[in-house]
Amino acid sequence: MPTRTGRHFLQIPGPTNVPDQVLRAMAAPTIDHRGPEFAAMTARLLDVVKPVFGTSGPVVIYPASGTGAWEAALVNTLSPGDRVLCFETGHFATLWQEMAAALGLHVTLVPGDWRRGADPEELARRLAADTAHRVKAVCVVHNETSTGVTSRIADLRRALDAARHPALLLVDTISSLGSIDYRHDEWGVDVTVAGSQKGLMLPPGLSFNAVSDKALAASKTSRLKKSFWDWAPVLEANRRGFFPYTPATNLLYGLAEALDMLAAEGLSQVYARHARHAAATRAAVRGWGLEVLCADEREHSGSLTAVLMPDGHDADKVRKIILERFDMSLGAGLGRLGGRVFRIGHLGHFNDLTLAGTLAGVQMGLDLAGFPVDPTGLGAALEVLRTG
Ligand SMILES: Cc1ncc(COP(=O)(O)O)c(C=O)c1O
């Protein structure tokens with residue numbers, strides 16, 4: 001490997017760049033997780049974590065990646081053979097529904113083209129047809145990290161309400177929480193699934209379930225097998241400021257710091273910053289003569305942009321050149337998008353000049369990879385940043 005100078009550009013859509021303040025907070029000595037200092041920290045943390053979810057209800061924190069929190073959402077609320085309705089919005093939605101099937105749920109998958117979010121009208125049709133209310137849960141990935149498409153959760157909620165359908169609404173916000181406007185309580189979400197390593201600006205290793213009263217009630221009768229993921233012992237121990245196992249103490253220090261940073265900036269400002277960076281990125285992509293994968297103007301992601309390469313151009317070659325020449329990591333195309341798209345992460349600890357550097361690297365990489373890139377693309381993005 002050649003000697004590298006300066007910071008690596010980690011522009012994958014998570015894990016994201018961890019701010020120095022957060023790294024410093026995590027470098028504090030590990031304390032007794034059964035002592036009074038820990039209990040005081042946890043009590044505060046369980047409170048200050050709520051606003052980022054838009055909830056006043058409990059948030060369960062696991063020492064696990066996001067996949068664990070997917071499982072927790074399902075096993076705490078559902079029973080073997082329950083019907084769940086999942087939307088095929090991309091790679092992660094596909095993995096979540098595979099997990100649901102593996103856990104013994106009866107999955108109906110609404111097919112998708114991986115360029116659009118979950119369709120509220122299609123949900124309305126499916127619910128209207130389910131007069132016996134056999135569907136027990138609707139699973140949606142808010143921001144599909146594989147496609148850069150954000151589903152309209154408020155509209156999906158409206159479809160559930162209009163149908164007067166009692167299904168639970170389970171939403172994956174792993175790449176939207178702390179980056180894209182999200183309202184667990186207001187949108188009547190029953191379980192919100194989240195992870196530490198994206199908008200929360202932490203390393204991987206923590207994941208979350210925000211839980212509605214209705215989900216909590218469902219957990220009392222759910223019969224899917226669970227032990228580690230069971231909300232009940234966690235919520236019980238949390239009441240005293242503890243966990244029923246050894247928690248990820250130093251990641252919790254980092255979480256406290258990251259939440260303070262988000263609160264200091266203000267969540268609406270955080271969401272506006274991400275939306276502006278996403279708009280500038282799309283200006284660059286279109287200026288270069290390339291296509292943004294997301295096909296619906298209402299559903300562009302604030303946290304990442306997936307770029308579709310034309311036939312005959314290999315997205316992985318572009319990423320390889322950019323990594324080798326400019327020390328920047330971009331997201332690969334996942335699943336059926338492998339080699340066809342690359343993904344620019346613009347979420348988390350990020351500012352105008354980080355984006356400008358990122359887009360400059362992409363523009364040079366496209367050129368070096370042999371794509372006839374229009375160099376006015378970068379200027380178009382800078383104009384959005386300058387004027388916006
Ligand atoms: C939307 C989404 N859901 C689920 C996951 C899986 O989370 P993890 O890799 O932390 O287990 C990811 C990971 O990137 C994701 O982006």
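## L337 and its loop

L337 counts as buried because it has 21 C-beta neighbours inside 10 Å. (Buried means 20 or more other C-beta atoms within 10 Å of a residue's own, exposed means 12 or fewer, and partly exposed is in between; C-beta atoms are placed from the backbone.) You'll find L337 in the loop between β13 (328-332) and β14. Strands here are DSSP runs of E with at least two residues, helices are runs of H or I with at least four, and both are numbered from the N terminus.

Leaving out residues up to four places away in sequence, L337 touches W114 and S146.

## Before going on

This is a predicted model, where local features need pLDDT of at least 70 and side-chain atom pairs count only at pLDDT 80 or more, while totals for chains, interfaces and linings use all residues. Residues are numbered from 1 along each chain as its sequence is written.

## Two residues flagged by UniProt

An unreviewed UniProt entry puts "modified residue: N6-(pyridoxal phosphate)lysine" at K198. UniProt positions follow the numbering used here, feature names are shortened, and annotations may be inferred rather than shown by experiment. K198 sits in the loop between β9 (191-195) and β10 (207-211). It counts as buried because 29 C-beta neighbours lie inside 10 Å. Not counting residues up to four places away in sequence, K198 touches P13, G14, T16, I174, S175, S179, S303, L347 and G348.

R343 is part of strand β14 (residues 341-345), and it is buried, with 26 other C-beta atoms within 10 Å. With residues up to four places away in sequence left out, its contacts are P13, G148, L304, A306, L330 and G331.

## Around the ligand

Which residues are around the ligand? They are G14, S65, G66, T67, F92, V141, T145, D172, I174, S175, G195 and P204. (Near means that the C-beta atom, placed from the backbone, lies within 6 Å of the molecule.) This shell divides into four nonpolar, seven polar and one charged. Here Ala, Val, Leu, Ile, Met, Phe, Trp, Tyr, Cys and Pro count as nonpolar, Asp, Glu, Lys and Arg as charged, and the others, Gly among them, as polar.

Helix α4 (residues 66-77) has 12 residues and reaches 17 Å from first C-alpha to last, close to the expected 16 Å. (The expected span is 1.5 Å times one less than the number of residues.) α4 is mostly covered, with 10 of its 12 residues buried; among them are G66, A69, W70 and E71.

Helix α5 (residues 91-102) should span 16 Å, and its end C-alpha atoms are 17 Å apart, which agrees. Its buried residues include F92, W96 and A100, and what covers the buried part of α5 includes α4, β3 (83-87) and β4 (106-110). After α5 comes G104, with a positive phi near 100°.

## The nonpolar cores

The largest nonpolar core has 75 residues, and A69 is one of those with the most contacts inside it. (A core is a set of buried Ala, Val, Leu, Ile, Met, Phe, Trp, Tyr and Cys residues joined through C-beta atoms within 7 Å.) Helix α10 (residues 249-265) gives this core its largest share, seven residues. A second, separate core of 36 residues includes L290, M309, F350 and V362.

Notes. Contact = placed C-beta atoms within 7 Å.
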